[in-house]
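Q: I have a structure to go through and I'm new to it. Can we take it piece by piece?

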Amino acid sequence: MRSGIVALAATIALGLTDGVLAQSNGTPGPGVYDIDSLLNEYTLAEGQSFRTDIIAWDSTSSVHLTQVETAVESHHHATHDENVWIIRGSGRLTLGDQKMKVRAGEVVHIPRGTRHAFHNLGSNPAVVMSVFSPGFDGKDRVYEDKTGK
């Protein structure tokens, strides 16, 4: 269990649509969602490095589908915890001061305030499902500069 970093939960999140939360039909309340249907509905645009869509939300949590063509740059969330389930693909994850390779089937827990980034290592987009607590509206995303500050 990679220093307790890749662990627990079965949920995910790593992105916004190049810095802006994608407009999608995320719904409140219970639901069952088919990943392939969601991927057909929410597609990456030509040249888009990543895209995140809200799938479901309520006052205590939100579920997001993120597709990563190239990378999600280093950032942190000051008031949100994030759990990311890698559904497809693999990549290089930076989590705080640690760097590691992650792949489909693994889950990453990212406590609030933890700097993190993801770089896709495959030729196809990586797909992750994220769960934020409390529900994430796209505003609590603090990008780090190139020196990591």
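Q: Is Arg 115 buried or exposed, or partly exposed?
A: Arg 115 counts as partly exposed, at 21% relative accessibility. Buried means under 20% relative accessible area, exposed over 50% and partly exposed in between, with a 1.4 Å probe and protein chains only. This is a predicted model, in which local features need pLDDT of at least 70 and side-chain atom pairs count only at pLDDT 80 or more, while totals for chains, interfaces and linings use all residues. Residues are numbered from 1 along each chain as its sequence is written, and side-chain values use heavy atoms, with hydrogens and water left out.

Q: What does the side chain of Arg 115 meet in a salt bridge?
A: Asp 97, at 3.1 Å from N to O. A salt bridge here is a side-chain nitrogen of Lys or Arg within 4 Å of a carboxyl oxygen of Asp or Glu. Arg 115 lies in the loop between E8 and E9 and Asp 97 in the loop between strand E6 (90-95) and strand E7 (98-103), so the pair ties together parts that are 18 residues apart in sequence. Asp 97 is exposed, with a relative accessible area of 76%. Strands (E, at least two residues) and helices (H or I, at least four) are DSSP runs, numbered from the N terminus.

Q: How many salt bridges are there?
A: The count comes to 5. One of them joins the side chains of Arg 88 and Asp 36, at 2.3 Å from N to O. Arg 88 is in strand E5 (residues 81-88) and Asp 36 in helix H1 (residues 35-41), so this pair ties together parts that are 52 residues apart in sequence. Another joins Arg 112 and Asp 81, at 3.0 Å from N to O.

Q: And Asp 140, where does that lie?
A: In the loop between strand E10 (126-133) and strand E11 (142-143). Asp 140 is buried yet has no salt bridge, and Arg 112, the nearest side chain of opposite charge, is 7.3 Å away. For charge, Lys and Arg count as positive and Asp and Glu as negative, while His and the chain ends are not counted.

Q: Which side chain does the side chain of Asp 140 make a polar contact with?
A: That of His 80, at 2.7 Å. A polar contact is a pair of N or O atoms within 3.5 Å; within protein, one must be able to donate a hydrogen and the other to accept it, and residues adjacent in sequence count only if both atoms are side-chain atoms. The backbone nitrogen of Ala 78 also lies 2.7 Å from a polar atom of the Asp 140 side chain.

Q: New topic: where is Thr 66 found?
A: In strand E3 (residues 62-68). Thr 66 is buried, at a relative accessible area of 0%. Its side chain makes a polar contact with the side chain of Thr 52 (2.8 Å). Thr 52 is found in strand E2 (residues 50-57) and is buried too, at 1%.

Q: How many aromatic pairs are there?
A: The count is 1 aromatic pair. The rings of Phe 132 and Phe 136 have centres 4.3 Å apart and planes at 15°, so the pair is stacked. Rings of Phe, Tyr and Trp (its six-membered ring) pair if their centres lie within 6.5 Å; planes under 30 degrees apart count as stacked, over 60 as edge-to-face and the rest as tilted.

Q: Last one: where does pLDDT stay under 50?
A: Over residues 1-23. pLDDT is the predictor's confidence in each residue, from 0 to 100. Where pLDDT is low, the predicted coordinates should not be read in detail. The mean for the protein chain is 82, and 78% of its residues reach 70 or more.

Key: Contact = heavy atoms within 4.5 Å.
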